[in-house]
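Reader: I have a model open and some questions about it. Can we go through them one at a time?

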Amino acid sequence: MTTGSPAGGRLASGNQQLDAILGGGFPAHAINLVVGPPGSGKTILAQQYVFHNATPERPAVYLTTVSEPLEKVLRYGQTMAFFDPAAVGRAVFYEDVGELLGTQGLSGVLERIGALVKERRPGMLVIDSFKALSFYAADQGEFRRFLHSLSGRLSAFPVTSLWLGEYDRAALTTAPEFAVADAIVSLSTDQASQRELRVLQVLKLRGSGFLSGKHAYRLSAAGIEVFPRLADPVDPAAYPLPTERISSGIPVLDTMLTDGYWPGAATLIAGPSGAGKTLMGLHFIVSGARRGEPGIIATLQENPTQLARVAQGFGWSLAEDGIELLYRSPVDLYIDQWVHELLAAIEGTGARRVLIDSLGDLAFAAGDEARYREYLYSLVQRCSRLGVSLLMTYELLELFQLVRLSEMGVSHVSDNVVVLQYLRHQSEVRRTLTVLKTRASLHQPQVREFTITPEGITLQAHEA
């Protein structure tokens, strides 16, 4: 447990990414609503806040009503890494007001809260579930009077309130507690085909800015981990980039590109299955590492064992200095989480080159084309400003004749586009490479045949 005295009118959660979404945290000394269906993590989030901020001088009071028994809240709470048994009864005080609610109604609960505020002088007050209180009012008028009295008492004392409830979106315009709340955070689940994605969204944050949109999150023993939506706005400000070109790792291709890629450029390698896209990416990463330019292989295709075997076949080792492997399965991938892990790996390793293999798997994980485009654009822009050269593979359906390059808006964000194709030649099938696009540079647009040898990709020299 850490001391979490509010700074700048904010109450931190202990999770930097969540605090960034909220502009620093929940408003301190305010009423904050956390809404969502059962199992969405409302109680976990509230307890995470409690144990991060409660102190013996400014403790937290956690009240359960009639939705979940206090014993259950404590039993599950004790499995969380942030739960501090030594703080219970000293800085964190739990109490069940469900029985009081049943015998004395809302007036009894109101008086008990008032007594606890005077007795404990808490810095935080959690009511779980707040929505359940409305069912004990004889009518809407009684509940509104209770709400008015409670909010008045809480506003007279410097306490930050978290009210939890299983509200749906329709309640936003009908439930009176939504008008009283200074901040409203929704936890929900989005369905995309057969995949489910937990999302957090700020619906209201009075008098303050916040990160809009839906942000993915996961629940674990560490609590709630949030991955802010990557949606960078257009930034017209100039930024410096190195002027010396970098090698693709394939000498003849460098010549076709007019001496390689520009640093910080995004390159798309598109081609059908088995054409050599991953191999071209390995050329790029391995040659860079051997030149002192660390690289990251962010693969959603081959697992580490499979990829190591591919590399060994060409005399390379993924254990070489300057090569970092970031493998994730596309089956249960949150694109939000993946992007933040990749950016953290770039910062942690000082990477100058990144291979993403492949964009098709990333699009599948996104589950939504607009979301995918948004993330890809933002990632390309981030890498460019960092001076990190990005190489991305994309699988084309056509084996022999290119009909369209991309259905997912990939080519327009790429500085360079290299297309690999198969070519029928009598009884053989050969491989070809074409540089279709190089931004801010000349290039040779010829179709070149290439072979895959023990040294990797070998391009045939152009015949004059």
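Predicted model: local features only at pLDDT ≥ 70, side-chain atom pairs only at ≥ 80, totals over all residues.

Reader: Which side chain meets Glu341 in a salt bridge?

Author: The N to O distance of the pair is 2.9 Å. A salt bridge needs such atoms within 4 Å. The partner of Glu341 is Arg328.

Reader: How many residues apart in sequence are the parts that Glu341 and Arg328 tie together?

Author: Glu341 lies in helix 10, residues 335-349. Arg328 lies in the loop between strand 14 (323-327) and helix 10. The pair therefore ties together parts 13 residues apart in sequence.

Reader: Is Arg328 buried or partly exposed?

Author: The relative accessible area of Arg328 is 29%. The cut-off for buried is under 20%. Arg328 is therefore partly exposed.

Reader: Which residue forms a salt bridge with Arg371, and where does that residue lie?

Author: The closest N and O atoms of Arg371 and Asp336 are 2.6 Å apart. Arg371 lies in helix 12, residues 369-386.

Reader: What is the distance in the salt bridge between Glu119 and Arg120?

Author: Arg120 has a relative accessible area of 30%, so it is partly exposed. Its salt bridge is with Glu119. The closest N and O atoms of that pair are 3.9 Å apart.

Reader: Which residues are linked in a network of salt bridges?

Author: The count of salt bridges comes to 17. A network of them links three residues: Glu428, Arg430 and Glu449.

Reader: Which residue is the bridge partner of Thr451 in strand 20?

Author: Strand 19 (residues 447-453) and strand 20 (residues 456-459) run antiparallel and are joined by four bridges. The two strands form a hairpin, with two residues between them. In strand 20, the partner of Thr451 is Thr458.

Reader: Which residues form a nonpolar patch on the surface?

Author: One member, Phe135, sits in the loop between strand 6 (124-128) and helix 5 (140-155). Phe135 has 64% relative accessibility, so it counts as exposed. The patch has about 310 Å² of accessible area together. Its members are Val66, Phe135 and Tyr136.

Reader: Which elements give two or more residues to the lining of the largest pocket?

Author: About 440 Å³ of space lies in the largest pocket. Its lining has 20 residues, and Gly39, Thr43, Ile44, Glu68 and Tyr76 lie nearest its centre. The elements asked for are helix 2 (42-53) and helix 3 (70-77).

Reader: What is omega for the cis peptide bond that joins Asp128 and Ser129?

Author: Ser129 is in the loop between strand 6 and helix 5. The bond from Asp128 to Ser129 is cis, and omega is about 10 degrees.

Reader: What is omega near for the cis bond from Asp357 to Ser358?

Author: Ser358 is in the loop between strand 15 (353-357) and helix 11 (359-366). For the cis bond from Asp357, omega is near 15 degrees.

Reader: What is the phi of His29?

Author: His29 lies in the loop between strand 2 (26-27) and strand 3 (31-35). At 46% relative accessibility, His29 counts as partly exposed. His29 is not a glycine, yet its phi is positive, at about 60 degrees.

Methods
Residues numbered from 1 in each chain as written. Heavy atoms only, no water. Pairing = 2+ DSSP bridges. Patch = residues over 30% accessible without salt bridge, like charges linked within 9 Å, V, L, I, M, F, W, Y side chains within 5 Å. Areas by Shrake-Rupley, 256 points an atom, 1.4 Å probe, with all protein chains shown as cover. Buried < 20%, exposed > 50% of the residue type's maximum accessible area, 1.4 Å probe, protein only. 1 Å grid on protein atoms, 1.4 Å probe; cavity = no way out; pocket = protein on both sides within 12 Å on 5 of 7 lines; lining within 4 Å. Points joined across faces, edges and corners; volume = space filled by probe spheres on them.
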